[in-house]
Amino acid sequence: MFKSGETVNVNGTYAEAGHGGGKVKRGQRVELQEGSTFPELKPYTIEISHGGGTKTRNRQHQWKLVK
């Protein structure tokens, strides 16, 4: 799992992965070469309701090596 803006160590195809590493519907796929940087992914906000309280968290998808 790689974050946006990090430097690529291995050539290959990378796919957008969810917060926990799962698949993303209509996620991006990019072909990257060693030394380039991962493109930025749009952050999103979620609301967590637990025990009568509500919290908001900012999350961002990550990149996962496919091939």
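Reply: What follows looks at one residue, Gln62, and then at the chain around it. The model is a predicted one, and every value below should be read with that in mind.

Gln62 lies in strand β5, which covers residues 62-65. Is this residue buried or exposed? Its relative accessibility is 19%, and because the cut-off for a buried residue is under 20%, Gln62 counts as buried. Leaving aside residues up to four places away in sequence, Gln62 touches Met1, Phe2 and Lys3, together with Ala15, Glu16 and Ala17, and also Leu41.

As for the setting, the protein chain has 5 strands and 0 helices, and its pattern along the sequence reads β-β-β-β-β. The radius of gyration of the chain is 14 Å, well over the 11 Å that the globule rule gives for 67 residues, so the chain is more spread out than a compact globule. Its C-alpha atoms fill a box of roughly 50 × 20 × 15 Å along the principal axes.

Buried residues make up 25% of the 67 residues in the protein chain, and Gln62 counts as buried. Of the contacts between residues at least 6 apart in sequence, 55% join residues at least 24 apart.

Technical notes:
Residues numbered from 1 in each chain as written. Predicted model: local features only at pLDDT ≥ 70, side-chain atom pairs only at ≥ 80, totals over all residues. Heavy atoms only, no water. Helix = DSSP H or I, 4+ residues; strand = E, 2+ residues; numbered from the N terminus. Rg over C-alpha atoms; globule rule 2.2 N^0.38 Å. Buried < 20%, exposed > 50% of the residue type's maximum accessible area, 1.4 Å probe, protein only. Contact = heavy atoms within 4.5 Å.
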